[in-house]
Amino acid sequence: MADRVRRVGLDMDEIKNYYRVSVSPQRHHRLRQFLSDELDSLFRLDFPSLSKQDQVDFLQLRNYLQRTTQQLQAERELNSQIEHIFPFSDIVIALSEAREAVKPVPSSCLATQVDDVTKLAKQAQADIVAGKIHATKTGAFKASKITAELRGHLEELGSFYGSYDPAFDWWVATPLKEAVNALQAHKAAVERHLVGIGPNGQDEIIGQPIGREALLVELEAEMIAYSPEELLDLAHDVFRWCEAQMRDASNELGFGDDWKRALDYVKTQSVPPGEQPALAKSLALEGAAYVKKHDLVTVPRIADETYRANMMSAAMQKVAPFFLGGPEILIAYPLADMPHDLKAMVLRGNNRHFSRATVFHELVPGHRLQHHYTSRRNSHRNLFSTPFWMEGWALYWELVLWDRGDFFVSPEDRVGTMFWRMHRCARIIFSLRFHLGEWTPQQCVDLLVDGVGHERSTAEGEVRRSFNGDWAPLYQAGYLLGALQFDTLRNEVLREGRVSEKRFHDSIMRGGIMPVEMIRALLLDQPLSPDYKPQWRFYKKSSYKTEQR
């Protein structure tokens, strides 16, 4: 099964790399055919004869193929709704695919087709300005991205034929330049008139809600046996518990039950300019030393020795206003040329106590440790990357260190880590409400500002990151939900005395990426079947409150 998974991943990459135009019917057909053939082949295997590890890979591959098929169809349906915005796509697709297949096209004919692209783009641009073409903001934003992609495919013609083919230079060079410019102007018109992005490129938060049915598909593929509505109840329940912890810490700091005053105080505790990298390094060493001292997980020397630190650009901080980690750690901090108000917000959002709760999340025992193991153990399972494992594991350690009672000791540190847990509750709430079609991006920002206590700049960065198309719909929900799964499984396994705490953690790292329900099936030897559906109910309101206290 491991070899099968590797082959499927490589085959998918090669098909996508060859059939590169995202809106091409030929690409869609080829991917659909491949996915269908692989599913048929998979179900011809004798499932009972497979080892438990192979059965887990069978189910992960099944989910991958099924979900990718559904996502492919959803993408095609969305593209069909906006194709009137880029009426030149058929020509660009045909030219690009002819070039990929090395089919000879007379340069005079090529010039005519390229010129037709220019005419269609200019007419569509004029219709957009005149208000004759309509679309939703999200649809128009995607159309602008597709236009940019098609422009790139046109430019490839010049790179491929230019200079070496004299007939191409004579016939096509000038029309091609005009077509490329026309598509650039068309993209700008789409963004200004249909999306609402101003002439100065002001930041707009735009996303595409996928709807309840698609959310259910995603939840089943991630092996989460809850409805969106049940997950919203869960998030609100944990949020209320977090508020109680915030009030306790606030009282210790002398602010009474007004925990937002305590939070404002904690936000003032930042290091001076130039000292953030040293703070990050000291916090990284502290987190790694703690888990090694208490023998909680195996930390290979290479994993704790060879990562680098880099500072984030201002542009990156618009979508990642805090630390990022894995192979390295990226550090957010105000830059000298930021406007004063923005500089102040970024400084407050990256204070000492917020940082203490997140540096180890990014490094050891969090993402850096994961990156080390997934590169070396069961690496074929990287095809099944899931936030419930990736982000859930890193956040799980915030829960573990909180429960131990000797890591987040000061009230300032407790405010810092509770801010993050409330933030993860809010991520479940705003991402699900957005994809259910109930909230706008602005309402999501308001929840983070008014409900959690974010600075507005960091809240906008979080929401922009969530919906800009680079992350799966359940990515933000995966943090807390995955952490709760790991936490519940840890309590279950340790209560039964099956393994030690360190062995439990090591088995997760060495097993590779998989839904936490599959880790549970392996550790507890749960029965599996080819049609297995998620069924684990890992959260109970009363038990969460009782165990956390």
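The second largest pocket has a volume of about 310 Å³, a pocket being an open set of points on a 1 Å grid over the protein atoms alone where a 1.4 Å probe fits, with protein on both sides within 12 Å along at least five of seven lines. The volume is the space filled by probe spheres set on the points. Its lining comprises 18 residues, of which Val23, Ser24, Pro25, Asn79 and Glu83 are closest to the centre; lining residues have an atom within 4 Å of a point. Two or more residues each come from α2 (25-42), α3 (52-82) and α4 (89-100), and α3 gives the most, with five. Helices are DSSP runs (H or I, at least four residues), numbered from the N terminus.

The model is predicted: local features need pLDDT of at least 70, side-chain atom pairs count only at pLDDT 80 or more, and totals for chains, interfaces and linings use all residues. Residues are numbered from 1 along each chain, and side-chain values use heavy atoms, without hydrogens and water.

In helix α10 (residues 259-267), Trp259, Ala262, Leu263, Val266 and Lys267 are buried, that is, under 20% relative accessible area (1.4 Å probe, protein chains only). These residues lie on the same side of α10 because they cover an arc of only 140 degrees around the axis, taken from the directions from the helix axis to the C-beta atoms. Among the elements that cover them are α9 (228-252) and α19 (411-435).

How values were computed
Buried < 20%, exposed > 50% of the residue type's maximum accessible area, 1.4 Å probe, protein only. Contact = heavy atoms within 4.5 Å.
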